[in-house]
Amino acid sequence: MSCATNCVCVVCGQSAPFPRSAGVCPSCDDPTAVLEINFDLDRVRALMTPKTLASRPVNHWRYAELLPIEPDERAFTWPVGWTPILDSPRLAAWAGAKRIRLKDEGRNPTGSFKDRASSVGVLRAMQMGDTRIACASTGNAASSCAGFAAMAGINATIFVPKRAPKPKVAQLLIFGADVRRVNGTYAQAYDLCSAECESHGWHNRNCAINPYLVEGKKTCGLEIAEQTATDLPDWVVVSVGDGCTIAGVAKGLMHMRELGFINRVPRVLGVQAEGVDPIAIAFETGALPSDRAGQTVADSIDVPVPRNWRKAVHRVRACDGAFVRVNDDEISEAMKAAGARAGVFAEPAAAASVAGVKRAIEEGVIDPGADVLAVITGSGLKDVDSAIAIAGEPTDVEP
Ligand SMILES: *Cc1c(COP(=O)(O)O)cnc(C)c1O
């Protein structure tokens with residue numbers, strides 16, 4: 001059973017009621033005053049032991065006590081999480097690291113890390129009796145939301161920005177979603193989605209301001225701890241857009257330390273795209289810059305106005321982490337290296353974590369003797385045009 005206790009505002013620290021779906025602090029006049037869900041870890045410790053965990057299904061519902069909602073049997077067949085961790089010595093040699101492991105989140109049902117959040121969001125919508133869920137997304141949250149809505153048998157309305165890669169839009173359409181392609185940026189798609197949810201009473205899956213979803217993302221951190229407990233990495237590396245993924249992963253690692261599954265928390269490295277680096281700036285200066293619209297091949301982390309920067313900055317600080325930036329050339333090189341040296345096909349935003357390892361070693365942020373785990377947040381099949389542009393065309397021959 002869920003051991004969630006209460007919701008608190010990350011800005012004023014006051015308790016707030018659990019929202020139906022998305023929601024920010026009712027007392028703060030700030031769209032980034034998001035809510036954090038707390039858990040009774042003493043109760044979790046009694047119920048979730050290594051022994052009880054060993055008998056549970058190998059998907060993310062195994063962490064029922066640490067989820068923000070009561071998992072129920074309608075969702076137990078959705079195969080989310082428990083993705084493999086691959087040791088990649090040839091990639092480590094490329095990056096100049098002692099060791100690199102990749103956690104391949106591209107193997108989730110719709111091909112990205114977002115499935116951890118969408119599964120929780122869609123189940124929450126079902127439990128509330130809502131028949132339509134909506135989200136705005138650069139692509140993966142959208143296809144993931146649409147996929148789980150299809151599994152659940154509820155409707156999805158999805159707002160995507162004009163630049164969303166075609167394969168992600170194809171996923172949405174095949175999953176039967178009502179797809180609204182917004183002739184504008186992600187920020188504009190986001191605002192339109194929020195307004196439509198408000199006026200129609202739709203269930204709002206927008207991750208940054210929906211506290212349930214970050215808890216879904218947390219399961220990646222829980223898993224990393226459980227899967228590597230006896231062989232813990234020094235660093236866990238995650239690419240950063242809105243900041244929900246890194247905040248969730250770090251929170252999961254911290255829970256597992258407090259519960260005694262691991263004896264230290266790995267440091268967490270956030271990787272942003274050069275030019276679209278508002279959270280890296282907030283980490284360094286304590287304040288979010290007004291708008292960091294730039295250019296990056298990594299569409300999934302192209303978020304100039306992040307909503308979840310506070311949780312991200314707070315968690316990365318708490319685990320003595322750091323941020324680095326990578327440019328498009330480095331992302332492209334990392335995409336090729338992950339493919340050719342580890343057999344992992346990552347989309348640009350996912351390969352950014354691998355590029356970030358190399359950059360962090362070059363900058364002296366990560367020691368070359370470190371043991372590193374990089375999260376591959378999405379499959380390269382999500383953006384084949386970028387992949388072909390980076391890898392080149394095949395050699396044409398006669399039969
Ligand atoms: C969403 C996403 C990220 C970043 O997650 P945030 O929660 O927005 O920081 C990274 N990689 C991929 C592939 C994503 O889809």
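## Where the ligand sits

Where does the ligand sit? The ligand is in the largest cavity; on a 1 Å grid over the protein atoms alone, a cavity is a set of points where a 1.4 Å probe fits but cannot get out. "Sits in" here requires more than half of the molecule's atoms to lie within 2 Å of the cavity's grid points.

Keep in mind that this is a predicted model, where local features need pLDDT of at least 70, side-chain atom pairs count only at pLDDT 80 or more, and totals for chains, interfaces and linings use all residues. Residues are numbered from 1 along each chain as its sequence is written, and side-chain values use heavy atoms, with hydrogens and water left out.

## Who surrounds it

There are 16 residues around the ligand (each with a heavy atom within 4 Å of it), and Lys114, Asn140, Gly241, Thr245 and Thr377 come nearest. The shell splits into 4 nonpolar, 8 polar and 4 charged residues, with Gly counted as polar.

Backbone atoms get involved too. Gly241 has a backbone N or O atom 2.8 Å from a ligand oxygen, and Asp242 likewise places a backbone N or O atom 2.8 Å from an oxygen atom of the ligand. For Cys244, a polar backbone atom is 3.1 Å from a ligand oxygen. On its own the ligand exposes 380 Å², and the protein buries 97% of that (Shrake-Rupley areas, 1.4 Å probe).

## The overall fold

The protein has 14 helices and 13 strands (DSSP runs of at least four residues, H or I, and at least two, E). Its C-alpha atoms fill a box of roughly 60 × 50 × 45 Å along the principal axes.

Key:
A polar contact is a pair of N or O atoms within 3.5 Å; within protein, one must be able to donate a hydrogen and the other to accept it, and residues adjacent in sequence count only if both atoms are side-chain atoms. On a 1 Å grid over the protein atoms alone, a cavity is a set of points where a 1.4 Å probe fits but cannot get out, and a pocket is an open set with protein on both sides within 12 Å along at least five of seven lines; lining residues have an atom within 4 Å of a point.
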